[in-house]
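Student: I have a chain open on the screen and would like to work through it with you. Can we take it step by step?

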Amino acid sequence: MPNWGGGAKCGACEKTVYHAEEIQCNGRSFHKSCFLCMACRKALDSTTVAAHESEIYCKTCYGRKYGPKGVGFGQGAGCLSTDTGEHLGLNLQQGSPKPARPSTPTNASKFAKKMVDVDKCPRCGKSVYAAEKIMGGGKPWHKTCFRCAICGKSLESTNVTDKDGELYCKVCYAKNFGPKGIGFGGLTQVEKKE
């Protein structure tokens, strides 16, 4: 059927979309009033739309329907989202059902060991968490333990050296492990052999 005197058909309501009220997305035209999330019916714009084939969603509903699932995939860092999206008409229980939780409580320390593999500081032997971690010599250190093993000076990436799993400032490393003789390690004369 010919399209007399009008524009393209709306991807949502199939009525004619005139240029003044047209929003284009994913090669399709929509009325401004029809440019809504297919799940929650929230109004969309170019920054909030997420298209999947011929469907348009807000980014939240798109993530619930097509995004990754499981622990850590929620609305923020480290979030466990239990929202299934059923109130939005999303059927997210595709595939096999979740196994039932055991009726007996699990040992919390065993659970913690399985879920969190925390690095240990070579200096003090305690756990090093991400907020306090500094890498040196290929190992994680606490900020407070990131010191020269000889003089105790606080270290930075510009003055740290490592030897046999221990950290040293460049001065102490040169004095103890560097070349010996005139002009090296603060010596002014060659040591006499006895």
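The questions below go from model confidence to cysteines, backbone angles, strands and cores.

Student: What is the mean pLDDT of the protein chain?

Tutor: This is a predicted model, and confidence is the place to begin. Of the residues in the protein chain, 65% reach a pLDDT of 70 or more. The mean pLDDT of the chain is 75.

Student: Which element has the highest mean pLDDT, and which the lowest?

Tutor: Strand β10, residues 166–169, has the highest mean among the elements, at 90. At the other end, with a mean of 51, is helix α2, residues 108–115.

Student: How many contacts beyond four places in sequence does the model have for residues 92–100?

Tutor: Over residues 92–100, pLDDT stays under 50. The number of such contacts for this stretch is 7.

Student: What is the distance from the sulfur of C40 to the nearest cysteine sulfur?

Tutor: C40 is in no disulfide either. The nearest cysteine sulfur to that of C40 belongs to C37, and the distance is 3.7 Å.

Student: Is C34 buried or exposed, and is C40 buried or partly exposed?

Tutor: Buried means under 20% relative accessible area. C34 has 17% relative accessibility, so C34 is buried. C40 has a relative accessible area of 24%, so C40 is partly exposed.

Student: Which side chain makes a polar contact with the side chain of T16?

Tutor: T16 lies in the segment before β1. At 19% relative accessibility, T16 counts as buried. The polar contact of the T16 side chain, at 3.4 Å, is with the side chain of K9.

Student: What is the phi of E14, and what is the phi of R41?

Tutor: Most residues other than glycine have a negative phi. E14, in the segment before β1, has a positive phi although it is not a glycine. R41, in the loop between β2 and β3, also has a positive phi. The values are about 65 degrees for E14 and near 65 degrees for R41.

Student: Are E14 and R41 buried or exposed?

Tutor: Exposed means over 50% relative accessible area. E14 has 53%, and R41 has 53%. Therefore E14 is exposed, and R41 is exposed.

Student: How do β1 and β2 run, parallel or antiparallel?

Tutor: β1 and β2 form a hairpin with 2 residues between them, and N26 in the turn has a positive phi of about 55 degrees. E22 stands opposite H31 in β2. The two strands are joined by 4 bridges, and they run antiparallel.

Student: Which residues of the largest nonpolar core touch the most other members?

Tutor: The core has 14 residues. Its largest share, 3 residues, comes from strand β4, residues 55–58. Beyond four places in sequence, F35 touches residues including I23, C25, F30, V49 and I56. The residues that touch the most other members are F35, C37, L44 and I56.

Student: How many residues are in the other core?

Tutor: Another core lies apart from the largest one. Among its members are C148, Y168, C169 and C172, and its residue count is 11.

How values were computed: Residues numbered from 1 in each chain as written. Predicted model: local features only at pLDDT ≥ 70, side-chain atom pairs only at ≥ 80, totals over all residues. Heavy atoms only, no water. pLDDT = per-residue confidence, 0-100. Contact = heavy atoms within 4.5 Å. Buried < 20%, exposed > 50% of the residue type's maximum accessible area, 1.4 Å probe, protein only. Disulfide = S-S within 2.5 Å. Polar contact = N/O pair within 3.5 Å; in protein donor to acceptor, adjacent residues only side chain to side chain. Pairing = 2+ DSSP bridges. Core = buried A, V, L, I, M, F, W, Y, C linked by side-chain atoms within 4.5 Å.
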